[in-house]
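Have the viewer open as you read.

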Amino acid sequence: MLNRPSSRLSRGLSLVALAVALALPAHAQEKPSASDDAGVEKRGRITPFNGAAMPEGAETGDKSNAASDKKPADGTAPSGGVGVFDRMGAELPALPAEKPFAGKVDDAYGAFQRGYYLTAMDLALPRAQLGDPAAQTLIAEILQQGLGVVRNPQQAAFWYGQAAEKGDPAAMFKYALILMEGRYAKRDRKKSEELMKKAADLGNGSAQFNYGQTLVADNPGPKGLKLAMPYYEKSAEQGIADAQYALSQILVNVDGIEESKRARAREWLIRAARAGFDTAQLDMAIWMIEGIAGDRNLEDGFGWMRRAAEGGNVVAQNRLSHLYVNAIGTRPNPVEAAKWYVLSRRAGLKDDALEDFYLGLNEEQQKQALSAANRYRRS
């Protein structure tokens, strides 16, 4: 059985809150005894438009003269093939009538999307000065990121504040973070939380996740996790990987969750893993190898562990070495095992068992492992 590593949520200002609330103490060298697992349900743990013009002279698809140029079907010319609808004897359905766009085109936002940031600024600024919250948010984004202009977080904070007061959810979220940090505006935690909740209730996915984190921090233990869960669910549905990861951990670790929701724990974790969240990839590997919240699949577990390790997750690099040593989900490979151990050791993760394994290799194998580790770091 793999040791379950301590890890942490590595994104967002408040990821630590969830890790602290749910994490169980563990160490890289700890190995749970058989008696510890006996009769205990296995559970996971919180670880930490493109449109291109045809080239000049290329065929345009005009078939007006196709009939006169057509060669006889005597086997000397290739067949044009038969479409699936011809084989089925069915005609293509008529296209629905195109609905006219009745809304107002936002030229400033259109310029922003195409990368014409100065044009977007010129178009948005007069509207922003007249109190248009969408234009104010756009100006704030340009200034915050320094897109085509000198980056100016202080002016960006001003425009975020103006737009937030007028009810723009994206601006509410950004201004709530600014008020929480207190760097470019006076720190005001109460107002920050109020704006974050408003933005979350208006459907901003990032605000939903962050407000959930606030609830966890303010209400330690299962109570806070259950209060946060509806916000995590809404955020997860919108594709926020941090929320998907957090939700998966709550569904597996917290008692009193209805089984229909608990059954989706692995689904949420794999979504976060596919989004590139390395901690989710690490946990996905452990869940598959240990059979947590679903069936065991050693090969897929190994694949997720390797993906997390290749992405730079140090714990995954250490665990991948163990998988190679013990041939879990893969064939034994002492050189690869030693390579990943060397990488994790260089990053500061000690492991006495792997150190003994490494010292037991012959000199040639050690040289190959060191060479492979050095090449990996340079790449």
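Rings of Phe, Tyr and Trp (its six-membered ring) pair if their centres lie within 6.5 Å; planes under 30 degrees apart count as stacked, over 60 as edge-to-face and the rest as tilted. With that rule, Tyr109, Phe112 and Tyr117 make up one aromatic cluster. The model is a predicted one, in which local features need pLDDT of at least 70 and side-chain atom pairs count only at pLDDT 80 or more, while totals for chains, interfaces and linings use all residues. Residues are numbered from 1 along each chain as its sequence is written, and side-chain values use heavy atoms, leaving out hydrogens and water.

Across the whole structure, the search turns up nine aromatic pairs. Two of them are set out below.

| Pair | Centre to centre | Angle between planes | Type |
|---|---|---|---|
| Tyrosine 109 and phenylalanine 112 | 6.2 Å | 15 degrees | stacked |
| Tyrosine 211 and tyrosine 231 | 4.9 Å | 75 degrees | edge-to-face |

Helices (H or I, at least four residues) are DSSP runs numbered from the N terminus. Tyrosine 109 and phenylalanine 112 share helix H5 (residues 107-113), where they sit three residues apart, about one turn of the helix. Buried means under 20% relative accessible area, exposed over 50%, and partly exposed in between (1.4 Å probe, protein chains only). Phenylalanine 112 is buried at 17%, whereas tyrosine 109 is partly exposed at 42%.

In the other pair, tyrosine 211 and tyrosine 231 are both buried. Tyrosine 211 belongs to helix H11 (residues 205-218) and tyrosine 231 to helix H12 (residues 222-237), so their pairing ties together parts that are 20 residues apart in sequence.

Some rings also have a charge over them, meaning that NZ of Lys or CZ of Arg is within 6 Å of the ring centre and within 35 degrees of the ring normal. Lysine 234 lies over the face of tyrosine 231, 5.6 Å from the ring centre. Likewise, the charged end of arginine 345 sits over the ring of tyrosine 358, at 5.3 Å from its centre.

Now turn to helix H9 (residues 169-181). Its buried residues include Phe173 and Tyr175, along with Ala171, Met172, Ala176, Ile178 and Leu179. Among the elements covering them are helix H7 (133-145), helix H8 (153-165), helix H10 (189-201) and H11, where contact means heavy atoms within 4.5 Å.

Methods: Helices (H or I, at least four residues) and strands (E, at least two) are DSSP runs, numbered from the N terminus.
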